[in-house]
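Colleague: I have some labels to check with you. Let's take them one at a time, value against cut-off.

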Amino acid sequence: MRDLPSDAEVVLPPTPRAYPGVNWEGLKTLYLREVRRFMKVGMQTLAAPVVTALLYMLVFVVAVGGGRQVHGVDYGTFVAPGLVMMQILSNAFANSSSSLLQAKFNGLMGDFLTPPLTPAEHVVGFGAGAATRGIVVGAISLVAVLPFARLPVAQPWAILYFGLGAALIMAFVGIMAGLWSEKFDHMAAVTNFVIMPMTFLSGTFYLVERLPEPFRTASHYNPFFYLIDGFRYGFTGVAESNLLVGVTMTAVLVFALGFACLRLFSVGYKIKT
């Protein structure tokens, strides 16, 4: 091997992150990047879901409801929390999944992997950004449907718990879907064949107890049913499901899905190989 000149500069490969603790600046940057990403296209990410929620209210409450009551509350009051939760679920999922898929599609995953961020910080950054979009869209949708429905606040803790829990769950599901998908058709398949059926079969517009078997029993294995029912309970004070089951299931799913996302980032699933 030929000797290098004495004045030659030796270029060494970058060393892995070797400092303890949390990279708060990097985590903050990733979170703000995810938030600013959906805020820049507000007409698509914020305004469009509100229009969708209002159209649902127009069809199901004004045209179909007609003064009906469900469990002693007006039909509009029954449907409105479900519509808000639908927006939280769908938008939290859309933010994290589309962010990762677009980065893979455009060859920009290196922008996430190069900074000194741990897998846990990646999960928190993407998850918190997606959950923020879900909560923001849900809050705007809630204000938008108020003229069509009187929404009392019976149990504030349930509104906060199930709203935040749902946003985190779907943010983590979106991360997993974004890492798994290799093209936009894969993401559309997850949305059309998994997310949307689970959403519409969760009791958003009707009581699950009125479904014929086996759909009634199957609905009780749908996590969205407990999220929507618990969120609705926060407004109306009336629950169709066992609240303890819903509270426990929400916590278990948040931690289980968060751990699954952590594992995927740790092994570099479809991003390093």
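Modeller: Start with the salt bridges: the count comes to 3 in this chain. Bear in mind that the model is predicted.

Colleague: What makes Arg33 and Glu34 a salt bridge?

Modeller: Their closest N and O atoms are 2.5 Å apart. The cut-off is within 4 Å, so the pair qualifies.

Colleague: Is Glu34 buried or exposed, and how do you know?

Modeller: Glu34 has a relative accessible area of 0%. Buried means under 20%, so Glu34 is buried. Arg33 has 36% and is partly exposed.

Colleague: What makes Glu213 and Arg216 a salt bridge?

Modeller: The closest N and O atoms are 3.7 Å apart. That is within 4 Å, so the pair counts. Glu213, at 44% relative accessibility, is partly exposed. Arg216, at 31%, is also partly exposed.

Colleague: How do you know that Lys270 forms a salt bridge with Glu182?

Modeller: Here the closest N and O atoms are 3.3 Å apart, and the limit is 4 Å. Lys270 lies in the segment after H10, and Glu182 in the loop between helix H6 (156-180) and helix H7 (184-200), so the pair ties together parts that are 88 residues apart in sequence.

Colleague: Why is Glu182 called exposed, but Lys270 partly exposed?

Modeller: Exposed means over 50%. Glu182 has 55%, so Glu182 passes. Lys270 has 27%, which falls between 20% and 50%, so Lys270 is partly exposed.

Colleague: What stands out in the backbone of Lys270?

Modeller: Phi of Lys270 is near 60°, a positive value in a residue other than glycine. Most residues other than glycine have a negative phi.

Colleague: Now Arg232. Why does Arg232 have no salt bridge?

Modeller: The nearest side chain of opposite charge is Asp229, 4.2 Å away. The cut-off is 4 Å, so Asp229 does not count as a partner.

Colleague: What lies around Arg232, and where is Arg232 found?

Modeller: Arg232 is in helix H9 (residues 223-236). A polar atom of the Arg232 side chain lies 2.7 Å from the backbone oxygen of Phe78. Beyond sequence neighbours up to four places away, Arg232 touches Phe78, Pro81, Gly82, Gly203, Thr204 and Gly237.

Colleague: Which residues form the nonpolar patch on the surface?

Modeller: Val51, Leu55, Leu58 and Val59, with about 350 Å² of accessible area together. Leu55 lies in helix H2 (residues 42-65).

Methods: Residues numbered from 1 in each chain as written. Predicted model: local features only at pLDDT ≥ 70, side-chain atom pairs only at ≥ 80, totals over all residues. Heavy atoms only, no water. Helix = DSSP H or I, 4+ residues; strand = E, 2+ residues; numbered from the N terminus. Buried < 20%, exposed > 50% of the residue type's maximum accessible area, 1.4 Å probe, protein only. Lys, Arg positive; Asp, Glu negative; His and termini not counted. Polar contact = N/O pair within 3.5 Å; in protein donor to acceptor, adjacent residues only side chain to side chain. Contact = heavy atoms within 4.5 Å. Patch = residues over 30% accessible without salt bridge, like charges linked within 9 Å, V, L, I, M, F, W, Y side chains within 5 Å. Areas by Shrake-Rupley, 256 points an atom, 1.4 Å probe, with all protein chains shown as cover.
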